[in-house]
Amino acid sequence: MSAKWEKKDANTGVLTIEVPAEKVNQALDQAFQKIVKQINVPGFRKGKVPRKIFEKRFGVEALYQDALEILVPEEYSKAVDETGIFPVDYPEIGELDGFEKDKDFTFTATVTVKPEPKLGEYKGLEVKKLSTEVTDEEVEEQIQNLINRKAEYEIKEDEPIVEGDIAVIDFEGFIGDEAFEGGKGEDYPLEIGSGQFIPGFEEQLVGLKAGESKDIQVTFPEEYHAEELAGKDATFKVTVKEVKTKVLPELNDEFAKEADPEVESVEELRNKIKERLAEQKKNEAESTLRDELVEKAAENAEMEIPEAMIHNEIHRMIDEFAQRLQMQGMSLDLYYQFSGQTEEDLHEQFREDAETRVRISLTLEAIAKAENIEVTQEDIDKELEKMADQFKMDKEKIITALGGTTEILENDIRTQKTVEFLVEHAKITE
């Protein structure tokens, strides 16, 4: 087999693949071994028809289609390796005329390949470092969150609803006189002031008592996800079944020890929270700085991204989104029902981020190549040891989980090293 690659434009080209007669005949042999198991010829057991009898009865041409299905993918794959191109989509195979026994065979494949970005400025990029200072207000906010999480709720017997209460309600929504789908609920616990419901709904419950009912008038937002409701006036018939008030625990040393067994007092709790917030802010600042540098380098690069790469990235993002939903006990189909979105809507929603992801990935890859950023065996071993410790697994099992190769790991390490290169050569201002 010999192959020739001819680039036609930025991201596409044509592979011309020449296959010798010997390979053609081998493919025909394989096709015969496949087909002979499926045919019946009087006087012969299934699968035992001699080749000459088969060709005399059906013609050698009866093997051509199956032979091509064997030969073309195999030879295309070899041609890709030989020419060193990087396809990002399925090839468009040209006409397969001229395929005959005992003859050389030539076919073409039009291929979309990974772009080669033209790098712009990526060294000396200027970015501002975020502040990592922790304020007293931020610490107190965390303390208040702990207090709220430890809150208990007491039933209010004959007292009106106030903001912060939990109202357990039955409700049904109507547009005019017609109830609409998804607008009904029973025994729903609604925290007043949480903003869970349509604007204006919760405020109209204030002042009601358990056992009372009210018609609540609201207008759906113009950007509401369910188009059939967007911008429309609605009436919700609501019955308050129960009212609960939040009772907060007292902030004292006993509370502090219960919130965190490693501390003995409120002061120690505050200090520990401050340390944790400082570490969190430091990590966030470093992460933001890296992200800004990578985004700037990608913006400065020139490239034409094939639609296939964006499409594939969108589907990776949808898969990631589906996994996150699954962890919350929800399927993608159920999400579509609740949100009123379709797969096409989600596809379009992820499109811009997918294009950015691809642009960044291609830019970092090009920078790594331009700067000869290499991954050593020592780098790989260190990362494997870190993963082995994190997941409590043998390194061999981790490699097996990665598909039996460290290629994915190498690419991740190279990306990390490239980002560090950008940080080292950046102008970072306070």
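This report describes the domains, salt bridges and surface charge of a predicted model.

## Domains

The chain is divided into three parts: domain 1 covers residues 2–112, domain 2 covers 152–247, and domain 3 covers 266–428. Between the C-alpha centres of domain 1 and domain 2 there is a distance of 67 Å.

Helix 4 spans residues 136–149 and contains D136. With a relative accessible area of 55%, D136 is exposed, because exposed residues are those over 50%. D136 and T418 are separated by 282 residues in sequence and by 37 Å in space, taken from C-alpha to C-alpha.

## Salt bridges

Side chains of opposite charge can pair when their charged atoms come close. In the whole structure, a search finds 32 salt bridges.

One of these joins D66 and K34, whose closest N and O atoms are 3.0 Å apart. D66 belongs to helix 3 (residues 64–83) and K34 to helix 1 (residues 21–35), so the pair ties together parts that are 32 residues apart in sequence.

E313 is buried, with 9% relative accessibility, while R357 is partly exposed, with 35%.

## A network of charges

The side chains of K101 and E55 meet in a salt bridge of 3.5 Å, N to O. This pair links distant parts of the chain, 46 residues apart: K101 is in the loop between strand 3 (92–93) and strand 4 (105–112), and E55 is in helix 2 (residues 51–58). K101 is partly exposed, its relative accessible area being 32%.

K101 and E55 also belong to a network of salt bridges that links them with D29 and R51.

## The negative patch

On the surface, a patch of negative charge is formed by E181, E227, E228, E343, E344, D345 and E348. Which helix gives the most to the negative patch? Helix 9 (residues 343–370) does, with four residues.

D345, a member of the patch, has its place in helix 9. The relative accessible area of D345 is 34%, and this residue is therefore partly exposed.

Technical notes. Residues are numbered from 1 along each chain as its sequence is written. This is a predicted model: local features need pLDDT of at least 70, side-chain atom pairs count only at pLDDT 80 or more; totals for chains, interfaces and linings use all residues. Side-chain values use heavy atoms; hydrogens and water are left out. Domain bounds come from an automatic or database domain assignment. Patches are made of residues with over 30% relative accessible area and no salt bridge: like charges are joined within 9 Å, nonpolar side chains (Val, Leu, Ile, Met, Phe, Trp, Tyr) within 5 Å. Accessible areas come from the Shrake-Rupley method with a 1.4 Å probe; for residues, only the protein chains shown count as cover. A salt bridge is a side-chain nitrogen of Lys or Arg within 4 Å of a carboxyl oxygen of Asp or Glu. Lys and Arg count as positive and Asp and Glu as negative; His and the chain ends are not counted. The place of a charge is taken as NZ of Lys, CZ of Arg, CG of Asp or CD of Glu. Helices (H or I, at least four residues) and strands (E, at least two) are DSSP runs, numbered from the N terminus. Buried means under 20% relative accessible area, exposed over 50%, partly exposed in between (1.4 Å probe, protein chains only).
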